[in-house]
Amino acid sequence: AFNWWRYIIAGLTGLIANGKSRLALFMWEWAAFGKDRYWWHGEGVWMWSYADCDKVLKSEQSRQPAFGAIKACVPDLFPTN
């Protein structure tokens with residue numbers, strides 16, 4: 001719980017300091033990682049070019065319920081019992 005609250009406070013601080021827009025926060029995170037080809041956002045790796053994205057999508061990936069590299073809350077629709 002401590003790490004989650006620390007992330008929330010840091011994210012909120014970054015959001016307010018960067019013009020109160022999600023795009024500004026996203027661009028700020030990209031700049032924090034050196035404006036390079038790849039960077040970390042949420043719980044996953046992000047990239048700018050469509051060619052890089054296409055290459056990743058065609059490669060082997062471990063998939064999970066997520067949106068924008070952040071785990072999604074998914075109800076258990078088909079219980080095992």
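Is aspartate 52 buried or exposed? In this predicted model, where local features need pLDDT of at least 70, side-chain atom pairs count only at pLDDT 80 or more, and totals for chains, interfaces and linings use all residues, aspartate 52 is buried, with a relative accessible area of 6%. Residues are numbered from 1 along each chain as its sequence is written, and side-chain values use heavy atoms, with hydrogens and water left out. Buried here means under 20% relative accessible area, exposed means over 50%, and partly exposed covers what lies in between (1.4 Å probe, protein chains only).

The overall layout comes first. The protein holds 3 helices and 4 strands, taken as DSSP runs numbered from the N terminus (helices are H or I with at least four residues, strands are E with at least two). From the N terminus on, these elements follow the order α-α-β-β-α-β-β. Of the 81 residues in the protein, 12% are buried. Among contacts with a separation of 6 or more, 15% come from residues 24 or more positions apart, a contact being heavy atoms within 4.5 Å. The protein exposes about 7300 Å², and carbon and sulfur atoms supply 64% of that area; accessible areas come from the Shrake-Rupley method with a 1.4 Å probe, and for residues only the protein chains shown count as cover.

Aspartate 52 itself sits in helix α3. Its side chain makes a polar contact with the side chain of arginine 37 at 2.6 Å, where a polar contact is a pair of N or O atoms within 3.5 Å (within protein, one must be able to donate a hydrogen and the other to accept it, and residues adjacent in sequence count only if both atoms are side-chain atoms). Once neighbours within four places in sequence are left aside, aspartate 52 is in contact with Arg37, Tyr38 and Met47.

The structure holds 2 salt bridges, each defined as a side-chain nitrogen of Lys or Arg within 4 Å of a carboxyl oxygen of Asp or Glu. In one of them, the side chains of aspartate 52 and arginine 37 meet at 2.6 Å, N to O. Aspartate 52 lies in helix α3 and arginine 37 in the loop between α2 and β1, so this pair ties together parts that are 15 residues apart in sequence. Arginine 37 is partly exposed, at 46% relative accessible area. A salt bridge also joins the side chains of lysine 58 and aspartate 54, at 3.3 Å from N to O. Lysine 58 and aspartate 54 are 4 residues apart in helix α3, which means that about one helical turn separates them. Lysine 58 is exposed, with a relative accessible area of 67%, while aspartate 54 is partly exposed at 36%.

Aromatic rings give the next part of the picture. Rings of Phe, Tyr and Trp (its six-membered ring) pair if their centres lie within 6.5 Å, and planes under 30 degrees apart count as stacked, over 60 as edge-to-face and the rest as tilted. By this rule the count comes to 6 aromatic pairs. The rings of phenylalanine 26 and tryptophan 39 are edge-to-face because their planes stand at 70 degrees, with centres 5.5 Å apart. That pair links distant parts of the chain, with phenylalanine 26 in helix α2 (residues 22-32) and tryptophan 39 in strand β1 (residues 38-41), 13 residues apart. Phenylalanine 26 counts as buried at 15% relative accessibility, and tryptophan 39 is buried at 3%.

Phenylalanine 26 also forms an edge-to-face pair with tryptophan 48, at 6.3 Å centre to centre and 85 degrees between the planes. Tryptophan 48 lies in the loop between β2 (44-47) and α3 (50-58) and phenylalanine 26 in helix α2, so the pair ties together parts 22 residues apart in sequence. Tryptophan 48 is partly exposed, with a relative accessible area of 42%. Phe26, Trp30, Trp39, Trp46 and Trp48 form one aromatic cluster.

Helix α2 also contains glutamate 29, which counts as buried at 17% relative accessibility. With neighbours within four places in sequence left aside, glutamate 29 is in contact with Trp39, Trp40 and His41.

Finally, the surface: Trp4, Trp5, Tyr7 and Ile8 make a nonpolar patch of about 470 Å². Patches are made of residues with over 30% relative accessible area and no salt bridge, with like charges joined within 9 Å and nonpolar side chains (Val, Leu, Ile, Met, Phe, Trp, Tyr) within 5 Å. Tyrosine 7 belongs to helix α1 (residues 2-17) and is partly exposed, with a relative accessible area of 48%.
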